[in-house]
Every structure is written in structure tokens, then in C-alpha cells.
Amino acid sequence: MKKHRNFKIIVLLFITVFAEVLSGCTKVQNGFLSPFVQYAVNEFTITRGRIATSYSLITDGSSIPMKVKWTHIYDSSGTIVDTIFKTKYPVAVWNAAYNSATDKDYASITAKRTIVDLPPLDVNATNGTIEANAGTIYLPIGTYTMDLEVSNSAGTQQLKNIMKIHIVDGKSIEITPETGAFSSSLLIAGTASGGGTLYNGNNNPFVDFTVTRIADTPNDFTLYVTDKNGVPFNPKTGEFTKRPNSGLNPNPPFLQNLQDYAPDTYVTTDNSISIKYPLTPFPIASLGNGYNMYYRIPAQYVHIDSTKSWSGNTPGYFYQGTSDPHYLGAYVDGAYDYALRIPMRIQVPGSYELRIKLLNATHR
């Protein structure tokens, strides 16, 4: 009887121990927060005034949902500069869904846009993506580091110096070589047929241009084209106009230009073409042939220098006219239209002027 009682006690002890072990193995923890939460790339470059996003955080199996926020930003000397990045600026955002099939003019797009005050930099609260908006145009250039705080059901963790952020200047309007290259060529007068290429590529020696940002607002763009002496070609009277497309009954009949991208805001004056644009980057999407605008100066308005073959050019060297070693005289007046391809895409909101001087052309 004693042996039987001892056996029962042993069995009960075994069941108790087994139950405790089993309970320990199956106990559900209150989530998991990895000590190795990080970005795949820990440096993020932001060009001032442009929209940009970083990679999201790698959570290393941490439980979701996760909440992420930035706590401090330091400049290169280690000084906390949170105030700079918390200051809010006016930024245009969508207030309705964009439809590329119907939202093609200024009015329809701006009807779906509104101006709100936002900090230039934010961190996505669920995945940690750093999001920059057009308000970064107001940030000082420099290198900064950011601290994050991540939390979930398992607790909270501080991620010190998790990201290095470079704020840099860039071109507000991308012209060349970012978007393409200026091309100067000949068209047989009054036709779409090519009469020869004067220069096609980077460092065009015949095109001297300047881009000036006039103001933060409104969003508008003005183009001036002059001869080598600064005499403007008049768009209003057809001295500077669309370039015809080649082929039989081409569709469209003209190559893309500013009027195609902003038909309802396109305005010509005696010396310029201007448009209003609704958002950046602009154009939103290419109509074909990249982000190039195609124009011509009809033969009756231009005297064109003839030059030797010019297949390459060094940066900063411009055609010198009659004193240039490439100069060969001039083409017969009235034989050729002057064709000009202008690469351009606006990346930062604001008011701009693009002034182009054609160094191998004389107004007549």
C-alpha cells in the first residue's frame, strides 16, 4: 500500500512539473522590439525644394503596429536644431485624387490642390520613412543627424543618430545635362525637313543661357530667346514659333512645346513666352521625346552663321562669331529656318525666367 501511495505521489509530481514546463514553453510574450531596428542606408540626401523619401526602417521582426517619430535633429557641431525642422511653411498638397486622363489643364489641377502649412521634414509614423517636401527650400544647407523613437507593444526604444541627412542645393530647373541637351539645327525653310545639325549635345557652343528664380510665388515660367546681340525674337508675331513634326500628315503636326504642356495659361508677348504651372515637377509627364521643347525661327527672321563640323565642345567655351576658328561665313538668307531644342523641367516651385542667347544667329 505504501509503495502504491509513493507511486501516486511521484506521478502527481511529474504531472505538475510537466505542466509548468509546458506552460513556460507556450507562454505568449507581450510583443517583441528588436534592438537592431535600423535603415538599410543610413545617409539621406535632400535637394532643397524637392520632394524626396528615404528608405523605410528595417524592423528586424519587431511586432507591429509600430509607432515611429523623430525626437531630435543635430547640426554638424552637435547642436540641437529641432526648431528649424519644426517650423511650418506653405506647401501645396493634393486635396482630391489626381486623374491623368482628365486633369490636364491648370484649372482642373489647381482645383485639386491646396496650400497647407507643414514642417519641411516628417517621419512616417508606421514605417519610419523620412519624407521631405517643397518646404525644404527654406532649410539651411548642411549635414544633420536624426534621433528616432520607436515603440510597440513590447516597449519603447531610442535610436540615437540613426540617420545622417544632407541638405544640398540643386538646380531649381533642370536644363542640361540632367534633362537633356540643347540642339541647334537647320530646317529647309518652311518645311519639317532637316537641313543639317549645327550642334547636338552637352556644352552647346551656340547657346548661352541663364535661369533666374524671381520669387517663391507664383508658379510661373517665362522664356526669352534673343540673337547674339540681345535682340529678341518675337513669339507674338511668329518670329519664334512651334517646330513642325516630320512625316506625311504627322500626328501631332508639331513637336512638343510649352503650349502643349500648359495650353490654358500660354501667353506670348513681343519678346517672351510665359506659362503658369500647377505643381512640380513640371511637366508632370513627358508628351514624348523626354522633357524637350521644340521651336523654330522662320528663315525670314534670322541670319545664320555657317561653321565647320563641331562634334564636341568643352564646358564654358562659346562660339566667338567671325573670330572663331569654326566660322565659315553665313548661310544664304531665306534658305533655312533655325531649329532649337530646349531641355527643361521645373523641380522647385516658384517664379522663373529662362533667357537664351543664340550666338550664331542674327535677327533680321
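Helices (H or I, at least four residues) and strands (E, at least two) are DSSP runs, numbered from the N terminus. The model is predicted, so local features need pLDDT of at least 70 and side-chain atom pairs count only at pLDDT 80 or more, while totals for chains, interfaces and linings use all residues. Residues are numbered from 1 along each chain as its sequence is written, and side-chain values use heavy atoms, with hydrogens and water left out.

View 1. G31 sits in the loop between α1 (2-26) and β1 (38-39). Its relative accessible area is 30%, so G31 is partly exposed. Buried means under 20% relative accessible area, exposed over 50%, and partly exposed in between (1.4 Å probe, protein chains only). G31 and S153 are 122 residues apart in sequence, yet their C-alpha atoms are 5.4 Å apart in space. G31 is in contact (heavy atoms within 4.5 Å) with S63, S153 and A154, leaving aside neighbours within four places in sequence.

**View 2. D147 and the backbone of N161.** D147 belongs to strand β10 (residues 142-152). D147 counts as buried, at 1% relative accessibility. A polar atom of the D147 side chain lies 2.7 Å from the backbone nitrogen of N161. Residues up to four places away in sequence aside, D147 touches K69, W70, T71, H72, Y74, L159, K160 and N161.

**View 3. The D169 and R48 salt bridge.** A salt bridge is a side-chain nitrogen of Lys or Arg within 4 Å of a carboxyl oxygen of Asp or Glu. By this rule the count comes to 9. D169 and R48 form one, with the closest N and O atoms 3.0 Å apart. D169 lies in the loop between β11 (155-168) and β12 (173-174), and R48 in the loop between β2 (43-47) and β3 (52-53), so the pair ties together parts 121 residues apart in sequence. D169 is partly exposed at 49% relative accessibility. R48 is buried at 19%.

**View 4. The D337 and R296 salt bridge.** The side chains of D337 and R296 meet at 2.9 Å, N to O. D337 is in strand β23 (residues 336-343) and R296 in strand β20 (residues 292-297), so the pair ties together parts 41 residues apart in sequence. Both D337 and R296 are buried.

**View 5. The E353 and R355 salt bridge.** E353 pairs with R355, the closest N and O atoms being 3.3 Å apart. R355 counts as partly exposed, at 39% relative accessibility.

How values were computed: Polar contact = N/O pair within 3.5 Å; in protein donor to acceptor, adjacent residues only side chain to side chain.
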